[in-house]
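Visitor: I'm new to this one. Can you walk me through some of its charged pairs?

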Amino acid sequence: MIIGIPRESRAGETRVAATPETVKKLAASGKHSIVVETGAGMSASFPDAEFEAAGARLASADEAFGADIVLKVRGPTAAELPKLKRGAMLIGLLNPYDAAAVQACAATGVSGYALEWLPRITRAQSMDVLSSQANIAGYKAVIIAADTYGRFMPMLMTAAGTVKAARVLVLGVGVAGLQAIATAKRLGAVIEASDVRPSVKDQVESLGAKWVDVPYANDEERKIAEGVGGYARPMPPEWMARQGEIIHERCKSVDILITTALIPGRPAPKLIRAQTVAAMKPGAVIIDLAAEQGGNVEGAELDKIVAKDGVKIVGYSNLAAQLASDASALYARNVLNFLALSLNVKSGDFAVPKDDEIIKATLVCDNAAVVPRS
Ligand code: NAD
């Protein structure tokens, strides 16, 4: 079989779905040809020659998309869809919440596997692209914040006097939020964090940050807050209002605010209103990691830094792509682990285990039809 790795063409997408390391493993059995589009790894610092040395053949986009198994980071664009071969296996971040995108994929006749829908079970952890990329985004959010903030992060005692440590607040403590806390801690900041899910408190405290508690008024609120499958659910407006008041007060003394709150398949919850931004200290920086899903912060603009009331709000999307090399290395290993459910990399034997829980959860289109989500 032919395994194709096209170059990503979406604006700002620097990652690649396979690296020389994973290509070498895919090619090891000698039974399959690996076809990498020329220049596919360039923006992630993987030159063509390294792919060739790992056993790949360089080819055109048409050839890479026309393979039996196509490995992608992002879903194909309208111009790329016709290049896909009927019956091929397509693996990537196919944006399964976008019904039109899934329909368009289905129309090509490919079997599409959307990695966003990997179940959060132990066996799938090595394939979990959302976690590997969110981890990078959390790290990069702090680096951007430190760069945008006009003061030091750590406390310094110098001959010219003492510099206070920056106060950082992290809202939404999933994978990205935890990494943001860990990174800000390494830079010497004083950190507080909050989340809707009660189970997060211990993780926050174990990283040396202070937990900001938003109390539940009743058992129903607590039940909703526990979320489902590791993910949050939308909270009732009363809880959101209570959270808004508590966070408003905290924000008055915060230098850097990092928001990462997401609810799968829905617009990001609005956690920070304009009046809270206005109450923040001049020079404060907000990094809204949810900007692509509508933003956690009122006034955040996608892929821009906006200044409001002396506060800078950064709404960059796809922060993982700014660490293209490591992001690709981790993503490519996730993809290889997912493909290994069907492909024995040692023997080269290939059979998709259609009844496997992971395969069933991620299959979004098959036989030219959209697969309904169970
Ligand atoms: P996510 O990206 O969907 O959301 C980010 C965070 O925002 C979450 O912690 C969520 O609770 C929080 N949030 C949502 N609405 C909020 C609100 N109104 N106010 C405050 N916070 C809000 O989440 P994620 O990073 O994908 O991870 C969610 C959880 O899943 C984590 O605990 C993670 O450790 C766990 N996880 C488990 C596995 C596994 O078991 N295989 C794999 C990956 C992640």
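Guide: E8 and K72 are both buried, meaning under 20% relative accessible area, with exposed over 50% and partly exposed in between (1.4 Å probe, protein chains only). This is a predicted model, where local features need pLDDT of at least 70, side-chain atom pairs count only at pLDDT 80 or more, and totals for chains, interfaces and linings use all residues. Residues are numbered from 1 along each chain as its sequence is written, and side-chain values use heavy atoms, leaving out hydrogens and water.

Visitor: What do the side chains of E8 and K72 form?

Guide: The side chains of E8 and K72 form a salt bridge, at 2.7 Å from N to O. A salt bridge is a side-chain nitrogen of Lys or Arg within 4 Å of a carboxyl oxygen of Asp or Glu.

Visitor: How many salt bridges does that rule give?

Guide: The count is 20 salt bridges.

Visitor: Which residue does E13 pair with?

Guide: E13 forms a salt bridge with R74, with the closest N and O atoms 2.7 Å apart. E13 counts as buried because its relative accessibility is 6%, while R74 is partly exposed at a relative accessible area of 22%. A network of salt bridges links E13, R15 and R74.

Visitor: And what about D356?

Guide: The side chain of D356 meets that of R123 in a salt bridge, 3.1 Å from N to O. D356 counts as buried at 15% relative accessibility, and R123 is partly exposed, with a relative accessible area of 43%.
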